Amino acid sequence: MTQATANGGPVLEIRGLKTHFFTRDGVVKAVDGVDLTVEAGEIVGLVGESGCGKSVTSMSVLRLVQDPGRIVDGSIRFQGTDLLGLSDKEIRNIRGDRISMIFQQPISSLNPVYTAGFQIAEVYRVHRNMKKGPARDKALEVLREVGIPDPERRIDAYPHELSGGMAQRIMIAMALAAGPELLIADEPTTALDVTIQAQIIDLMRDVREDLGTAIILITHDLGIVAEIADRVAVMYAGEIVEEADVETLFTDPKHPYTRGLIGSIPVAGARREWLDVIPGRVPNLIDLPPGCRFAPRCRARLENDLTICTEREPALLDVGENHTARCWLYSEGRR
Amino acid sequence: MTEPLLSVRGLVKTYPVKGGALQRIVGTVKAVDGVDLDVYPGEAVGLVGESGCGKSTLGRAILRLEEPDAGSVWYDGTDILTLGAKELKGYRRAAQVVFQDPFSSLDPRTTVGDSISEGLRVHGIGAKERARRVADVLELVGLEPYHAKRYPHEFSGGQRQRIGIARALAVEPRFIVLDEPVSALDVSIQSQILNLLKRLQNDLGLTLLFIAHDLSVVEHLCDRIAVMYLGKIVEVSSRDILFDRPTHPYTEALLSAIPIPDPTVTRERILLEGDLPSPLHPPSGCTFHTRCPIAVTGVCDTFSPELRSVPGEPDHLASCHLRTGEYTHLDRATV
């Protein structure tokens with residue numbers, strides 16, 4: 001089903017991406033200089049709280065950012081091709097064929113007036129010029145692959161007849177239909193119950209194992225990331241503030257925000273009297289604080305008596321092997 | 001032994017299901033199907049389950065925001081289901097509620113101070129005393145007295161949930177039902193609210209019923225936990241026992257489905273097959289048997305299990321034929 005990755009290089013390479021929204025109140029710097037690399041067959045977790053720019057980053061990859069948003073700078077190379085230089089027609093041919101996406105609300109992401117099977121078969125009709133009959137056979141095949149029970153019956157079901165978990169399986173089937181090299185999953189389990197969420201996580205893991213599809217998993221849930229991702233990038237206020245392989249990120253987080261985030265989640269089975277708290281809240285992306293964007297909420301800054309944090313923005317620094325953090329604590333000449 | 005503050009017995013709440021062009025009643029859904037639950041003074045009880053299990057309906061029925069069809073709700077020695085509107089006023093002051101959505105549960109055209117003091121006005125408390133009380137509760141929840149003059153849109157989600165809690169606290173209740181109070185909030189804000197609730201419970205000696213779908217959130221705050229499935233409580237026990245020795249197969253699956261934010265932990269996961277059955281047509285016998293990994297044909301699909309104590313643990317109840325019932329010899333999963 002999958003196409004062999006064309007070359008040995010990364011599937012996706014985002015460099016210096018800036019996506020800004022030009023609103024009446026001012027320019028919202030939703031994504032403000034993001035670098036991200038995804039290797040073939042890799043699962044990269046993109047983590048952050050609402051408004052950090054994780055979804056806008058993925059929408060930028062597919063060039064689905066809408067007015068008043070615009071990609072103002074940077075490059076997005078997919079298998080060596082700069083997606084930002086493609087015509088609308090060329091990018092349409094890539095969407096749903098070589099890069100596909102699944103969303104948080106599976107039922108509302110499906111077209112309510114067509115059956116699940118019709119919508120999956122559409123992928124083959126549009127991208128593979130197949131006739132109706134063979135396209136339907138392929139749709140049935142992919143439904144079986146994502147573990148839909150009774151696929152012969154479900155292929156003719158309309159979206160409203162599906163449960164949330166079933167609809168998300170259909171979405172995944174549709175996303176995988178053309179055998180994409182990259183799947184972008186934006187909060188794919190947030191709307192689902194925990195037992196259903198566990199099924200979908202397993203399915204995504206299988207997709208990577210069996211088809212070699214690279215996955216960008218966008219989520220606010222660090223638990224899901226720990227379960228499935230190989231590498232994690234943490235976003236805060238439009239920037240990546242830390243990136244590492246999944247084990248390093250959880251065992252040796254460097255950025256004070258990452259540390260705060262990990263400490264603030266209640267963990268089943270680990271009984272703690274009090275949870276860590278990150279004081280304050282996410283800054284307004286129109287009127288960003290000078291210096292580090294996390295500085296107003298950062299306790300490490302106060303503890304280490306750093307003044308540079310509120311004056312100059314830190315760069316992403318190497319803090320270990322394949323481990324970067326955007327924080328003055330790790331800079332040599334910080335004072 | 002202390003008497004429970006709240007004692008629910010045999011509570012049933014059904015909803016008519018309408019269908020067809022004439023919207024005739026075509027059936028009934030038993031949202032809550034014979035629930036017994038005790039809540040002791042000063043304790044926090046967690047009520048967990050997946051969407052549609054009836055946990056919110058139970059919470060609302062306890063507050064008499066819904067009229068139950070059968071059963072009784074004893075609060076401090078009185079069955080509140082027998083009270084008239086006038087007598088109910090006292091209960092309304094003693095028992096308060098905090099809802100999930102901090103955005104829609106506040107009136108956008110009313111100042112925060114007026115929202116908080118509305119309950120006090122209803123209970124005939126004078127303007128001067130009301131203003132003092134508003135300032136007090138705002139401080140209790142970590143806001144400033146001047147916030148009373150502002151409108152809901154000027155606050156973030158976390159702050160609005162603080163306002164929701166302040167409003168509940170204003171009438172000095174003994175008992176508060178919290179219906180998914182943190183599930184709409186970002187992770188770093190969630191921990192702020194969870195810590196606040198815990199501090200308030202400690203300082204004010206409140207009795208809490210905490211309704212949530214997320215077991216790890218409930219674990220942090222609650223002394224005892226009840227697990228619901230399709231309108232029934234399937235297991236109830238102290239927090240530590242529930243997490244260390246879950247007895248009902250559904251509780252086991254629910255616990256094992258929670259993603260743990262630690263990539264170094266590998267767990268045996270119990271993956272439940274299929275979706276939650278429709279409460280319109282609940283399965284025969286034990287309603288969980290369709291998804292249960294240990295169900296025995298001829299027993300679990302035939303007889304309905306009762307909530308009984310686990311052998312050797314009088315305060316740990318579970319409703320499973322194979323674990324607490326008469327068919328323990330058929331359970332192949334436990335050694």
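Is Tyr114(A) buried, partly exposed or exposed? In this predicted model, where local features need pLDDT of at least 70, side-chain atom pairs count only at pLDDT 80 or more, and totals for chains, interfaces and linings use all residues, Tyr114(A) comes out as partly exposed, with a relative accessible area of 38% (buried is under 20%, exposed over 50%, partly exposed in between; 1.4 Å probe, protein chains only). Residues are numbered from 1 along each chain as its sequence is written, chains are lettered from A in the order in which they are written, and side-chain values use heavy atoms, leaving out hydrogens and water.

Now for the aromatic rings. Over all chains, the structure holds 10 aromatic pairs (rings of Phe, Tyr and Trp, the last by its six-membered ring, with centres within 6.5 Å; planes under 30 degrees apart are stacked, over 60 edge-to-face, the rest tilted). Tyr114(A) and Phe118(A) have ring centres 4.6 Å apart and planes at 15°, so they stack. Phe118(A) is partly exposed too, at 27%. Tyr236(A) is buried at 2%, and Phe294(A) is buried at 3%. Together with Tyr257(A), these two form one aromatic cluster.

Then there is the chain A and chain B contact (heavy atoms within 4.5 Å), which takes 42 residues from chain A and 42 residues from chain B. Between the two chains there are 3 salt bridges (a side-chain nitrogen of Lys or Arg within 4 Å of a carboxyl oxygen of Asp or Glu). A salt bridge joins Asp202(A) to Arg269(B), at 3.1 Å from N to O.
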